[in-house]
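Subject: Structure for you to look over

Hello,

Here is the structure I promised. Please open it alongside this note, and the findings follow below.

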Amino acid sequence: EVLLELLEECADGLWKAERYELIANIYRLIIPIYEERRDFEKLTHLYDTLHRAYTKVMEVMHTGKRLLGTYFRVAFFGQVRFKSISLKLDRIKICMNLCTKTPLKYITDKLIFIHL
């Protein structure tokens with residue numbers, strides 16, 4: 001039961017991340033369990049979600065528009081200052097998640113303002 005909850009949570013996360021084409025892979029694991037249990041209400045929900053996901057995939061394929069979030073890995077080398085704190089470390093790595101359509105200039109300015 002816990003596995004089913006985690007898989008459904010994963011599918012919800014994929015929907016929120018707009019990775020519609022991956023939802024079917026998760027549902028392939030869930031559907032046989034609900035079929036064996038004859039839980040038609042859950043199966044209806046899963047197949048409805050699959051229908052909507054594949055509709056979204058077709059929409060994205062026709063328009064060519066999908067804005068996915070972007071992750072940046074930023075590394076500081078040498079002595080690093082965070083505002084008033086000075087750290088003597090070889091390097092620090094930071095992983096940032098920025099919204100879609102974020103210009104590189106904005107990211108650079110933000111890092112300089114926050115961390116230097």
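Is Thr49 buried or exposed? Thr49 counts as buried, because its relative accessibility is 7% and the cut-off for buried is under 20%. Please keep in mind that this is a predicted model.

More on that residue. Thr49 sits in helix α3. A polar atom of its side chain lies 2.9 Å from the backbone oxygen of His45. Setting aside neighbours within four places in sequence, Thr49 is in contact with Trp15 and Tyr27.

Now the overall picture. The protein has four helices and four strands. Along the sequence, they come in the order α-α-α-β-β-β-β-α. There are 116 residues, and 26% of them count as buried. The accessible surface is about 9,000 Å². Carbon and sulfur atoms account for 58% of that surface. Take the contacts between residues at least 6 apart in sequence: 45% of them join residues at least 24 apart.

Next, helix α2, which runs over 23–37. How far apart are its end C-alpha atoms? They are 21 Å apart. That agrees with expectation, because 15 residues at 1.5 Å a residue should span 21 Å. The expected span counts one less than the number of residues. The helix also has a bend of about 30° at Leu29. A proline, Pro32, follows within four residues.

Which residues of α2 are buried? They are Ile23, Ala24, Ile26, Tyr27, Ile30, Ile31 and Tyr34. The cover over the buried residues of α2 includes α1 and α3. Tyr27 is on that buried list, and Tyr27 is also one of the contacts of Thr49.

Last, Arg19. Where is it? Arg19 lies in the loop between α1 (2–16) and α2 (23–37). Arg19 counts as partly exposed, because its relative accessible area is 30% and that class runs between the 20% and 50% cut-offs. Its C-alpha atom is 8.6 Å from that of Val57. Along the chain, Arg19 and Val57 are 38 residues apart.

If you want a place to start, open the view on Thr49 in helix α3. Then find Trp15 and Tyr27, its contacts. From there, follow α2 to the bend at Leu29.

Best wishes

How values were computed:
Residues numbered from 1 in each chain as written. Predicted model: local features only at pLDDT ≥ 70, side-chain atom pairs only at ≥ 80, totals over all residues. Heavy atoms only, no water. Helix = DSSP H or I, 4+ residues; strand = E, 2+ residues; numbered from the N terminus. Buried < 20%, exposed > 50% of the residue type's maximum accessible area, 1.4 Å probe, protein only. Contact = heavy atoms within 4.5 Å. Areas by Shrake-Rupley, 256 points an atom, 1.4 Å probe, with all protein chains shown as cover. Bend = angle between axes of the 7 residues up to and from the residue. Polar contact = N/O pair within 3.5 Å; in protein donor to acceptor, adjacent residues only side chain to side chain.
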